[in-house]
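Q: Please take me through this model with the structure on screen. I would like to learn how to read its side-chain features.

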Amino acid sequence: MGLFAIRDYRRLFGAQVIALFGTGLATVALGLLAYDLAGPRAGAVLATALTIKMVAYVVVAPLAAAYVDRLPRRWFLTALDVVRALVVLALPFVTEVWQIYVLIGVLQTASAAFTPTFQAVIPDIVTKEADYTRALSASQVASTMESLLSPVLAAVALTFMTFNLLFLGTSVGFAVSALLVLSTRIPDARPSARTNAWDRAVSGIRTFAATPSLRGVMALNLVVAAAGSIVVVNTVNYVRDVLGGTQSDVAWMLAASGTGTLLVALVLPRVLDRVADRLVMLTGAAVLLLAVGAAVAMSAASIAASLLTGVIWVAIGGGMALIITPTGRVLRRAVDPSGIPEVFAAQFSLSHLAWLVTYPIAGWVATRAGFTTTWVVLAALAALGALTAMVVWPRTERVASEEQAGTAAALPAEDGDLVTVSAATREAEEGTLIAGQCSCVRTV
């Protein structure tokens, strides 16, 4: 039976896709709302709103993952979708910046609780290892398509409507997502073997600290966040104030980054069949360093060119995909199957912790010191992350213990690296792109 022949998974995947595209539209609309209320200070307003989001994701998500086994998950997910729909519906009516912050705080607290709960449901519905692997890949494909198509849809919509109506689209998306979740047979969670909620919340983080490849992933999270913050936070002000573009131009520039992500996603599966994950991800870091360096040079030379900016944005999207897409493979290979949910939850929080550092820099520093200074700081952080990853993630790595590895085997990659693969997942992963649930899905 194929993955999409599973009724409950099909409905959950539909809910995910609809909610993703709704939040993609709202991402564009939020930036334009910030510009409408704050003008040149829009970057600082957007950075503050996104910082609130990251705080919620870093603090609330691990707690939700720890306590989710005590809740009826179907009703919990439905309630969170309803809360998000109502909050987004209220955003077009705000008149003060502080109102944005309050609503975003409520919205992102609900999203931070929703994501780990949703991720934990999938393996209980998709029980076969091979199908679960495909479910991870399908999740990444959906996220990639959203990053490309949502700004394009927003650009088209903005030619005949105001940006406030984009929030309505997001609200409808959450409402439909809630109905699909409600129609799904979601079993209640099995009680965790860890009785202490704090132990459950931090166990994945302890695994990251003890595993060289996961320490490398943690460092590369900083590279992704440093470069990605330029696109997410600075696009609206750069396009409107430097390039003199329109609201639609903002959406098209965001779509340029999504195009880079999609192009890489199309070719990466074949590359990952032949090249080790470490090399691919470090190549992504190099691409991001070059792209951010080009952005610094463009700003320092006062070159206001839409085409050049678009090329740099495409490179940033491609570099991020080179790091994000193989991350799920690295996580799964680092632990035995029983530890996978905790490691994915830890990556979710740690990746957002990196964005928590870079979002304020991209918004607040740019407002006070300009784009050049801001992008120099972000370039320095990206370089720090890349160098750290090269040092802490050795070319040859074997798992440290029998308990962590299970029945692991070391497989040689064509570029000379060694990758460690759990025997329980090796067959399922062979020839399949395993995409991480930890990707930086663009949500509001």
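Q: Is Arg-185 buried or exposed?
A: Exposure is read from relative accessible area, and exposed means over 50%. Arg-185 has 55% relative accessibility, so Arg-185 counts as exposed. Keep in mind that this is a predicted model.

Q: Which side chain does Arg-185 meet in a salt bridge?
A: The partner is Asp-8, with an N to O distance of 3.3 Å. The pair links distant parts of the chain, 177 residues apart: Asp-8 belongs to helix H1 (residues 7-38), and Arg-185 to the loop between helix H6 (164-182) and helix H7 (197-210). Asp-8 itself is buried, at 10% relative accessibility.

Q: What other salt bridge does Asp-8 form?
A: Asp-8 also meets the side chain of Arg-7, at 2.6 Å from N to O. Arg-7 is partly exposed, with a relative accessible area of 26%.

Q: How many salt bridges does a search of the whole structure find?
A: The search finds 5. One of them joins Asp-81 and Arg-84 at 2.8 Å, N to O. These two residues lie in helix H3 (residues 73-90), 3 residues apart, which is about one turn of the helix. Where salt bridges share partners, they form a network, as with Arg-7, Asp-8 and Arg-185.

Q: Which ring does Arg-84 lie over?
A: Arg-84 lies over the face of Phe-114, at 4.3 Å from the ring centre.

Q: How many aromatic pairs are there in the whole structure?
A: There are 9. Among them are Phe-4 and Phe-13, with ring centres 5.2 Å apart and planes at 75°, so this pair is edge-to-face. An angle over 60 degrees gives that label. Phe-4 is partly exposed at 42% relative accessible area, whereas Phe-13 is buried at 15%.

Q: Why is the pair of Trp-355 and Tyr-359 tilted?
A: In general, a ring pair is described by the distance of the centres and the angle of the planes. For Trp-355 and Tyr-359 the centres are 5.2 Å apart and the planes stand at 45°.

Q: Which residues do ring pairs link into a cluster?
A: The cluster consists of Tyr-238, Trp-313, Phe-371 and Trp-375.

Q: What is the secondary structure of the protein chain, and how much of the chain is buried?
A: The chain has 16 helices and 2 strands. Of its 444 residues, 57% count as buried.

Conventions. Residues are numbered from 1 along each chain as its sequence is written. This is a predicted model: local features need pLDDT of at least 70, side-chain atom pairs count only at pLDDT 80 or more; totals for chains, interfaces and linings use all residues. Side-chain values use heavy atoms; hydrogens and water are left out. Rings of Phe, Tyr and Trp (its six-membered ring) pair if their centres lie within 6.5 Å; planes under 30 degrees apart count as stacked, over 60 as edge-to-face and the rest as tilted. Buried means under 20% relative accessible area, exposed over 50%, partly exposed in between (1.4 Å probe, protein chains only). A charge sits over a ring if NZ of Lys or CZ of Arg is within 6 Å of the ring centre and within 35 degrees of the ring normal. Helices (H or I, at least four residues) and strands (E, at least two) are DSSP runs, numbered from the N terminus. A salt bridge is a side-chain nitrogen of Lys or Arg within 4 Å of a carboxyl oxygen of Asp or Glu.
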